[in-house]
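This report describes one protein model for a reader who is new to structural analysis. Please consult the sequence and the structure while reading.

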Amino acid sequence: MTATERVHLSYRPDYDVSRVRGFSDCVFAVAITLVVLSFVVPERGITNDELRGFLVHEWPRYLSYLGAFVVIGSTWMLHHRLFEVIVRVDGRALWINLALLSLVVLVPFPMQLLGRYHQLPSAYVAFNLTALVLGLFGSLLVRYTTHRHRLIPADLDERWVRTYRWQAAVLPLGFAVATIGSVFGMPGAAVGWVVLGIGWFMVRRRFGVVRVEPETPGLTRAGEEEEPLRRAEQIELEARHAGRVIPFAAAYLESGRLERLLGFSDNLYAFAITVLVLHLQPPQGAIESNDDLNRFLAEMLHPDLIGYFTGFAVVGLLWHFHHRQFLIVEREDGLLRAGNLVHLMFVAVMPFATLVLSSYDSYPAATITFALAAGAASASLAALLWYVTTGHRLVSVEIPTRELRERRLLALIPPAVFVLSVPVALVAPTQAQLLWLGALAGLGVYRRHAAGRVG
């Protein structure tokens, strides 16, 4: 072997950070969507009261879904913030990240055990033990990448590194307590979750919060000449967290910081809207003639296909509203990330709600289930818009206040329609479903009219 060949073989290039980040976000989004696939719908042929009783009786599955979402969501939040500052990825970091993702995908399995056998302590042990190992790998990834600034900027504030290491250590600590307490069932496991919440609060209070220093000070509200808006927000934040604010230069952040949040959201929307079609299955029995197949297709047209297109329309409109809202968002913060995760949690439930509606479209319980899921998703999206636009918090100061106020009011229409359809569904489920489509179509016409008027 020549010297040139030896040099070539010893060359180990770093991995593409953006590709590792994008791949990780896809895995997180798929894992969240897989969690909902464990929800079951009873076979057709039961009454409305039986359907309502079945859905209420399934509360352990819904509670376990919430727990699984907290585990996956909090891990994604840590992963998101870590990859804000990572400048390169080596082979060890790549394999630690892959091990982390393998545990993220594994979370739906112990969640199903917990939802089905919530009365058995072993189910709590399996779930919290999985979360514990996941937290350990998350903490290991943070430790490895930040040790002696191995994969992060050399001049990054050491206080940020210390704070982030402690934040990553809270997850395994809380789930270690939950795993030990799980031996005693739900009450013991709940202690670990309480420790998790207290740990987050103590780290925030002891080590401070990270604030991003804007790169372009001097932006002001329309009509103002003196005090810059962002500087005023900094002063308010410093007063609220006196002595506990860690400045974090925006130069450390990549230009695609907000794009990652949007990419992760688009991934989950895409998976949720694709899962809608999984309940459309070919006939299970014997089809002996063309008439049998025609009869099957006619029976499937209503309610299966109509339910599918209804769910697709609602999820598609939610994505459309999400897309339009974030067109005016210029930057992100921790509350926006957390609020967006809550919104995506409700979006991930939409395939299950659509399956219930498709199976029992004439039952009030099915219509109400769909209305509550869609209402929660649209209400959380409206809350995001109110948060980012109030006081021009995360949007451009050049957008007129009147326009932002109109956007906030329009965002309240979809959740109001779904909530108002609940009492209608108690007596007339079909009319409640027509109310959704009519109101959303009217909203689209109004938005086009308003856009033309502004133009």
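## Salt bridges

A salt bridge is counted when a side-chain nitrogen of Lys or Arg lies within 4 Å of a carboxyl oxygen of Asp or Glu. The model examined here is predicted, and a search of the whole structure finds seven salt bridges in it. Side chains of opposite charge can pair when their charged atoms come close.

One of these salt bridges is formed by Arg260 and Asp25, whose closest N and O atoms are 2.9 Å apart. Are the two partners buried or exposed? Arg260 counts as buried because its relative accessibility is 7%, and Asp25 counts as buried because its relative accessibility is 3%; the cut-off for a buried residue is under 20%.

## Further charged pairs

Glu58 and Arg61 also form a salt bridge, with 2.5 Å between the closest N and O atoms. Both Glu58 and Arg61 are buried.

Another salt bridge joins the side chains of Arg407 and Glu403, at 3.5 Å from N to O. These two residues are four residues apart in helix H15 (residues 401-411), so about one helical turn separates them. An α-helix has 3.6 residues a turn, so residues three or four places apart point the same way. Arg407 is partly exposed, with a relative accessible area of 21%, and Glu403 is partly exposed at 33%.

## Helix H16

Helix H16 (residues 413-427) has 15 residues; at 1.5 Å a residue it should span 21 Å, and the 22 Å between its end C-alpha atoms agrees with this. Where does H16 bend? The bend, of about 30°, is at Ser421, and a proline, Pro423, follows within four residues. Ser421 is also one of the buried residues of H16, which include Pro414, Pro415, Val417 and Phe418.

## Overall composition and surface

The protein has 17 helices and two strands. Of its 455 residues, 47% count as buried. Among contacts between residues at least 6 apart in sequence, 79% join residues at least 24 apart.

The accessible surface of the protein comes to about 22,900 Å², and carbon and sulfur atoms account for 64% of this area. A nonpolar surface patch of about 370 Å² is made by Leu34, Leu37, Val105, Val277 and Leu278. Leu34 is found in helix H2 and is partly exposed, with a relative accessible area of 34%.

## Two residues with positive phi

Most residues other than glycine have a negative phi. Arg148 is not a glycine, yet it has a positive phi of about 50°. Arg148 lies in the loop between helix H7 (121-146) and helix H8 (158-181), and it is exposed, with a relative accessible area of 73%.

His392, although not a glycine, has a positive phi of about 55°. His392 is found in the loop between helix H14 (364-389) and H15. Is His392 buried or exposed? At 6% relative accessibility, His392 counts as buried.

Note on methods
Residues are numbered from 1 along each chain as its sequence is written. This is a predicted model: local features need pLDDT of at least 70, side-chain atom pairs count only at pLDDT 80 or more; totals for chains, interfaces and linings use all residues. Side-chain values use heavy atoms; hydrogens and water are left out. Buried means under 20% relative accessible area, exposed over 50%, partly exposed in between (1.4 Å probe, protein chains only). The expected span of a helix is 1.5 Å times one less than its number of residues. The bend at a residue is the angle between axes fitted to the seven residues ending there and the seven starting there. Patches are made of residues with over 30% relative accessible area and no salt bridge: like charges are joined within 9 Å, nonpolar side chains (Val, Leu, Ile, Met, Phe, Trp, Tyr) within 5 Å. Accessible areas come from the Shrake-Rupley method with a 1.4 Å probe; for residues, only the protein chains shown count as cover. Contact means heavy atoms within 4.5 Å.
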